[in-house]
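This report describes the strand pairing, domains and nonpolar core of one protein model. Please consult the sequence and structure below while reading.

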Amino acid sequence: MDIRVGILTAPHIDFEQRENTFILKNVRIGIGFHWDRLEDQEFAGTLEIRNNPDGTQTAVNTLDLEDYLCSVISSEMNANSPMELLKAHAVISRSWAIRAMQNPNHEGFHVCGDDHCQRYEGLRRMNERAVQAVRETAGQVLVYVQSDNVQGTKEEICDCRYYKCCGGRSEVWRTCWEDIDVPYIQSVECPYCGRVSERTLRLVLNDYDQETKDFHDWQVRYTDDELDNIVREKSGIDFGHITSLEPLHRGVSGRIDSLRIVGTEHTEIIGKELKIRLWLSHKCLYSSWFDVSHTDGQWTLTGHGWGHGAGLCQIGAAQMAAEGHSYEEILSFYYPGAQLKTNGK
Ligand SMILES: [Zn+2]
Ligand SMILES: [Zn+2]
């Protein structure tokens with residue numbers, strides 16, 4: 001089964017063909033997030049340069065799904081992570097990718113290579129442990145079986161969402177995306193990410209993720225002028241002077257999915273969690289789980305967690321693996337009610 005990955009769109013794609021691989025120059029990773037940067041990356045499989053109607057080009061890499069997964073799990077997490085974490089990640093990344101192949105997120109290819117879909121940063125962060133994790137879970141996916149009186153039994157591959165750190169409690173689907181209940185994405189109390197050791201973090205996070213230190217509990221401070229400027233720049237709307245930030249609704253974990261921004265020129269209610277994170281930061285707030293205080297011309301946001309919070313907590317899962325839990329245990333902890341199955345069997 002081949003997957004088509006759109007790695008980079010640019011005015012001109014700069015690449016170098018090697019014997020069995022190719023190198024793409026200046027690939028942007030972490031687009032819009034706080035670790036946004038450029039890298040040169042090396043890939044296996046075939047390269048196609050697509051010419052887009054707007055004059056830009058897109059580099060599309062086609063390769064076997066299982067080979068793609070070896071790179072994904074060593075891009076999302078460090079390939080030196082505990083084996084049970086890598087195996088858990090292989091299963092959820094495979095489940096997610098198969099759904100994306102059936103129902104592509106992009107035009108002309110199935111998935112992109114960045115955080116919007118799953119990180120796919122080529123061969124350079126990969127090692128034989130990542131290959132082993134993918135091989136030992138070959139074809140395994142998470143499924144959810146639903147039975148009702150009308151349609152009988154229906155089985156679907158799970159939409160396995162994940163993120164870096166829940167901050168103590170994971171979130172439900174509707175706080176982040178559509179207003180639906182996804183039975184295997186529940187709010188789970190996670191004690192693991194809060195007690196992860198420095199040593200485990202150094203092992204499980206890739207180089208650029210290690211720059212993020214305070215992801216479980218964090219604080220951001222802005223002067224009045226700074227916040228006014230950030231919101232104006234990110235929203236494209238002049239709110240005038242912002243006088244209050246009012247959380248109107250929170251998900252089960254505490255993540256805000258509806259926030260009223262009151263300004264002297266404009267007032268607006270925004271959501272869901274990602275929009276709130278984008279509008280209140282030069283790049284993107286770690287999460288939308290925060291309390292607001294405003295004193296002496298200074299805003300303080302005191303928050304928890306890194307990412308949307310729905311599904312698997314990567315740092316919590318790493319700690320579970322470090323404490324000796326199996327990948328099956330990790331998966332059933334973060335996706336309650338889902339079952340492990342070999343696809344096509
Ligand atoms: Zn994407
Ligand atoms: Zn957690």
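## Strand pairing, domains and core

Ile261 has Glu268, a residue of strand E14, as its bridge partner. The model is predicted: local features need pLDDT of at least 70, side-chain atom pairs count only at pLDDT 80 or more, and totals for chains, interfaces and linings use all residues. Residues are numbered from 1 along each chain as its sequence is written, while chains are lettered from A and ligands numbered from 1 in the order in which they are written.

Strand E13 (residues 256-263) pairs with E14 in the antiparallel sense through four bridges. Two strands are taken to pair if DSSP finds at least two bridges between them; strands (E, at least two residues) and helices (H or I, at least four) are DSSP runs numbered from the N terminus. E13 and E14 belong to an open, antiparallel sheet of three strands in the order E12-E13-E14. Its edge strands, E12 (242-250) and E14 (267-270), each pair on one side only.

A further open sheet of three strands, also with antiparallel pairing, has the order E11-E16-E15. E11 (217-223) and E15 (290-295) each have a single partner strand, so one side of each is left without a neighbour in the sheet. Seven bridges join E11 to strand E16 (residues 298-304) in the antiparallel sense, and Asp217 stands opposite His304 in E16.

Helix H6 (residues 224-235) lies across E11 and E16, at about 95 degrees to E11. Axes here are lines fitted to C-alpha atoms, for helices over the stretch in contact, and angles run from 0 to 180 degrees between N-to-C directions. After H6 comes Gly236, with a positive phi near 75 degrees.

The protein is divided into domain 1 (2-136) and domain 2 (217-304), with bounds from an automatic or database domain assignment. Their C-alpha centres lie 32 Å apart.

The largest nonpolar core has 88 residues, and those with the most contacts inside it include Ile73, Leu142 and Ala317. Such a core is a set of buried Ala, Val, Leu, Ile, Met, Phe, Trp, Tyr and Cys residues joined through C-beta atoms within 7 Å; buried denotes 20 or more other C-beta atoms within 10 Å of a residue's own, with C-beta atoms placed from the backbone.

Methods. Contact = placed C-beta atoms within 7 Å. Buried ≥ 20, exposed ≤ 12 C-beta atoms within 10 Å, placed from the backbone.
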